[in-house]
Amino acid sequence: MVSTLVALIVVALCGILGLPAARALALHDFRGRRMVEWLMMLPIVVPGLVVAMGTHIVLIQIGLADTLPGVVLVHLAPALPYFVLVMAGVFANYSVELEETARSLGASPWRIFLYVTLPAIFPGLLVAAMFTFLVSWTQYITTVLVGGGRIITLPMVLFPLIGAANHAAAAAVSIVFVLPALLILAYTARTMQQDVQSLGGLGKL
Amino acid sequence: MTTVGLCQLNKTYSRTEAVINLNLEVASGEMVALLGPSGCGKTTTMRMVAGLLAPSSGDIRFDGRSVLKTPAERRDAVMVFQKHLLFPHLSVAENVGFGLKMRGVTHNERRRLVEAMLDRVRLSGFGNRRPNELSSGQQQRVALARALVVDPKVLLLDEPLSNLDANLRLEMRRLIRSLQQELKITAIFVTHDHEEAVMLADRVALMMEGKLLQFDEPRSFYDRPRIAAVARFFRNENLLPGEKRGATVCTSLGTIFAPQATGVADGDVLVTVRPEQVGIVQTIGPNCVSADVKAVTYMGTHNLVEAMVGGQIWSIAAPPDLVPIPGSRVILRLPESHVWLMPTNVA
């Protein structure tokens, strides 16, 4: 399904872009950090429609309007801040000295990432990925605008059905729509009950 | 069994000079303490030896060969931090075996070495536990095992005992010392506690504000501190200015004989005697000065007597049943064998 594809791609991109960003924000103090943090949160604060309209114009110019990549890009706008926000929290609770320890024990940078960093942030990473998935999954206005009717995601099927009072069909689609959110909720609820440490710093939620 | 040499080592940040012209030689199998107050540059130095920080200038040599170009992961200088930093997602055995795994040691061999090392730190059978199930003392022992099992060229300990309570600290000190000597590993450890340095190290390097003040056997810091700042760090603030001529010093309170104090030029000096060596006597004799008692505090093992000696407050560790009256005048005897002289202007 298109929705799943789009959402998964968004998660992947968020991961690639967001991880370094989150790490930099949490672990390094650089000039203009406050400004970057503030800018990072803008897409969440500014209404989705406004963001979409603005992006749409640019995307038309680039020629990405009405295409899958275009929709992915627009979804990135609200999704990335959530991802970075969650991951920055995880990194804040993360000890960089763990990596230094691994290094002095003989691990090369790549092996450090694989054997130390990734396992340590994994629980938080999973939660961040799931939130990001949901953000993309539930995008409506933005997809309508930028997708131009060519890219059809689940909300775009669902909301017209509700509006047309086609209750049966709407109910059926709703279940599919809500399913990922329910599954994610169930998973995170179960994980929250475990030892706080295993969440890699998200335990305060 | 590696020697470590620091040559003209410097580290400068944009506004501060953290380490200044440091020269140090650590012999093979020796345990050296980098001692000093916070911010003196000792941790910065250690991180440069580990390869986690690049020096601004100078050289670091293992066995005579520069390791500046060798990245940290290949230097074989393993660091144990203040926080135990065990990998939370691995078991105790997997933690200890981590360095071996990085070196490509086979699974069976790893298991053998890990078990042997866990035995040594008295944690046999703990292999399957998780780090968060251990007490802090146990965690630190695992961290130690993890560092030692790879048989490093240099063992670097960054205030490894600061997070432990006093009883544990003593036990851990003994463990670290016995393991280091048994395995003959060259070790450098950082501490701000001079008692710890004296207890553990073969030689102590006292640093302040980035500079090395004295590098000597522990005893020398008590008997022969090089300058007043060194004496002060080791809890000796008893200073009396005077003018040295040969083996005697003319002070405002009389002539003091200082036959032990060789190596200091004639001229302006500071006379010092450690609080534990100053005696309170009844009659004036050679090397005696009079002092006004300011305060007497009971310290359990001794009475801390603070008295004004020629304008400076001296501390005397008197026997607990000797209680001078504050405000009275006493006679202090400065034993010839324990009078030490230091230069007046700090080098």
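Strand β1 (residues 4-12) of chain B and strand β4 (residues 57-62) of chain B run antiparallel to each other and are joined by 5 bridges, where helices (H or I, at least four residues) and strands (E, at least two) are DSSP runs numbered from the N terminus, and two strands pair if DSSP finds at least two bridges between them. The model is a predicted one, in which local features need pLDDT of at least 70 and side-chain atom pairs count only at pLDDT 80 or more, while totals for chains, interfaces and linings use all residues. Residues are numbered from 1 along each chain as its sequence is written, and chains are lettered from A and ligands numbered from 1 in the order in which they are written.

**The sheet around β1 and β4 of chain B**

- Within the pairing of β1(B) and β4(B), B:Cys7 has B:Asp59 of β4(B) as its bridge partner.
- The sheet is open and has 4 strands, in the order β2-β1-β4-β5 (chain B), with antiparallel pairing.
- At its edges are β2 (17-26) and β5 (65-66) of chain B, each of which pairs on one side only.
- Helix α1 (residues 42-50) of chain B lies across β1, β2 and β4 of chain B, and runs at about 120 degrees to β1(B); axes are lines fitted to C-alpha atoms, for helices over the stretch in contact, and angles run from 0 to 180 degrees between N-to-C directions.

- Strand β9 (residues 203-208) of chain B is joined by 5 bridges to strand β10 (residues 211-216) of chain B, and the two run antiparallel.
- Opposite B:Val204 stands B:Asp216 in β10(B).
- The hairpin has 2 residues between the strands, and B:Glu209 takes a positive phi near 50 degrees.

**Chain B as a whole**

- Chain B contains 10 helices and 20 strands, and its C-alpha trace spans about 75 × 45 × 35 Å along its principal axes.
- Chain B is divided into domain 1 (4-223) and domain 2 (239-343), with bounds that come from an automatic or database domain assignment; the centres of these two domains, taken over C-alpha atoms, are separated by 40 Å.
- Of the 347 residues of chain B, 39% count as buried, a residue being buried if 20 or more other C-beta atoms lie within 10 Å of its own, exposed if 12 or fewer, and partly exposed in between, with C-beta atoms placed from the backbone.
- Residues 24 or more positions apart account for 67% of the contacts in chain B with a separation of 6 or more, two residues being in contact if their C-beta atoms, placed from the backbone, lie within 7 Å.

**Chain A and its helix α4**

- Chain A has 9 helices and 0 strands, and 35% of its 205 residues count as buried.
- In chain A, 75% of the contacts with a separation of 6 or more are between residues 24 or more positions apart.
- Helix α4 (residues 68-92) of chain A has 25 residues and reaches 35 Å from its first C-alpha to its last, close to the 36 Å expected at 1.5 Å a residue, the expected span being 1.5 Å times one less than the number of residues.
- At A:Ala77, α4(A) bends by about 45 degrees, and a proline, A:Pro78, follows within four residues; the bend at a residue is the angle between axes fitted to the seven residues ending there and the seven starting there.
- Because 19 of its 25 residues are buried, α4(A) is largely enclosed by the rest of the structure.

**The contact between the chains**

- The contact takes 16 residues from chain A and 19 residues from chain B.
- On the side of chain A that touches chain B, α5 (96-104) and α6 (109-137) of chain A each supply at least two residues, and the largest share, 6 residues, comes from α5(A).
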